[in-house]
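Let's walk through this structure together, one packing contact at a time. Keep the viewer open so that you can follow along.

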Amino acid sequence: LASNLCAALGRESLPGAVEACRVSLALEPRASALNNLGLLQAAAGEAAAAEASFRAGLRLSSLPSTAPGDLAELYANLCSVLRESPEPARALEAVEACEAAVRLEPGSAPLLANLGVARQAHDPRGALEAYARALELDPWDTRARWNRGVLHLGTPGGGPDAARDFAAILEVDPDDPEARRALIFAESMAAPNYGAERTGAAPGRVPGLE
């Protein structure tokens with residue numbers, strides 16, 4: 001009951017939800033409750049506390065109550081917290097956490113998309129591989145499309161590939177203004193005179209990761 005209250009209150013009151021999670025954990029340590037607590041702490045900007053909760057949840061992996069899906073979610077959320085750290089070593093830990101999540105749930109497009117984001121700064125080729133696998137599973141995964149398009153924008157000659165990804169997003173949501181601006185930017189990169197005659201057609205900033 002306390003675990004359910006923890007999850008439900010997270011949509012309304014962070015302090016109340018955190019307290020409900022702690023009550024739940026005092027009654028019975030569960031990976032799912034630690035995952036919920038970590039998510040609440042991350043939402044409150046408490047990255048170190050969130051990381052500690054996710055790692056504590058992972059230490060409960062041998063309990064019968066811990067399902068593979070729970071572990072995959074814990075690894076994915078740990079990856080997200082580590083990815084936000086300014087320390088370079090933490091970025092590599094984030095990749096390891098995302099890879100662990102994918103090993104547990106290899107058929108999850110969202111987890112593969114997360115892995116692509118984690119790899120993007122240090123292993124562009126590995127990021128492209130993760131995005132490709134995600135899109136094989138779910139061709140309409142717009143987050144994977146967007147982030148792969150952003151990666152192509154940073155690659156010499158990648159304008160046409162980026163444009164194809166942003167155009168695919170517009171097939172899903174023709175009214176997406178960010179995808180529309182990104183497509184214009186990518187098409188300007190693909191133009192023969194890009195870099196020689198920059199015009200005002202492209203958006204004022206390079207699209208960023210989601």
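**Helices side by side**

The crossing of H7 and H8 is left-handed, a term used when the near helix is turned anticlockwise from the far one by less than a right angle, with right-handed used if clockwise. The model is predicted, so to speak of local features a pLDDT of at least 70 is needed, side-chain atom pairs count only at pLDDT 80 or more, and totals for chains, interfaces and linings use all residues. Residues are numbered from 1 along each chain as its sequence is written, and side-chain values use heavy atoms, with hydrogens and water left out.

Two packed helices are described by the angle between their axes and the distance between the axes. Here helix H7 covers residues 109-119 and helix H8 covers residues 124-137, and the two pack at an angle of about 165 degrees with their axes 8 Å apart. Axes are lines fitted to C-alpha atoms, for helices over the stretch in contact, and angles run from 0 to 180 degrees between N-to-C directions. H7 and H8 are therefore roughly antiparallel to each other; angles under 35 degrees count as roughly parallel, over 145 as roughly antiparallel, 65 to 115 as roughly perpendicular and the rest as oblique. On the H7 side the contact (heavy atoms within 4.5 Å) is made by residues including Leu112, Leu115 and Val117, and on the H8 side by residues including Ala127, Tyr131 and Leu137. By class, the residues of this contact of H7 with H8 are 11 nonpolar, two polar and two charged. In that scheme Ala, Val, Leu, Ile, Met, Phe, Trp, Tyr, Cys and Pro count as nonpolar, Asp, Glu, Lys and Arg as charged, and the others, Gly among them, as polar.

Now turn to another partner of H7. The axes of H7 and helix H9 (residues 142-153) come within 9 Å and cross at roughly 20 degrees. That makes H7 roughly parallel to H9, and the crossing of H7 and H9 is left-handed. Pro110, Ala113, Asn114 and Val117 in H7 meet Arg143, Ala144 and Asn147 in H9. Four nonpolar, two polar and one charged residue make up the contact of H7 with H9.

H5 also packs with H7: their axes come within 11 Å and cross at roughly 25 degrees. That makes H5 roughly parallel to H7, and the crossing of H5 and H7 is left-handed. From H5, Ala72, Ala76, Cys79 and Arg83 meet Leu111, Asn114, Val117 and Ala118 of H7. This contact of H5 with H7 divides into six nonpolar residues, one polar and one charged.

Ala118 deserves a look of its own. Ala118 is found in helix H7 and is buried, with a relative accessible area of 5%. Buried means under 20% relative accessible area, exposed over 50%, and partly exposed in between (1.4 Å probe, protein chains only). Ala118 touches Cys79, Arg83, Ala94, Val95 and Cys98, not counting residues up to four places away in sequence. Ala118 and Arg83 are 35 residues apart in sequence, and in space 6.5 Å apart, C-alpha to C-alpha.

Two of those neighbours are joined to each other. A disulfide is a covalent bond between the sulfur atoms of two cysteines. The structure holds one disulfide (a pair of cysteine sulfur atoms within 2.5 Å), and it joins Cys79 to Cys98, S to S 2.1 Å. Cys79 lies in helix H5 (residues 68-83) and Cys98 in helix H6 (residues 88-104), so the pair ties together parts that are 19 residues apart in sequence. The torsion about the S-S bond of Cys79 and Cys98 is about -90 degrees, so the disulfide is left-handed. Both Cys79 and Cys98 are buried.

How many helices and strands are in the protein chain? There are 11 helices and zero strands, where helices (H or I, at least four residues) and strands (E, at least two) are DSSP runs, numbered from the N terminus. Of the 210 residues of the protein chain, 45% count as buried.
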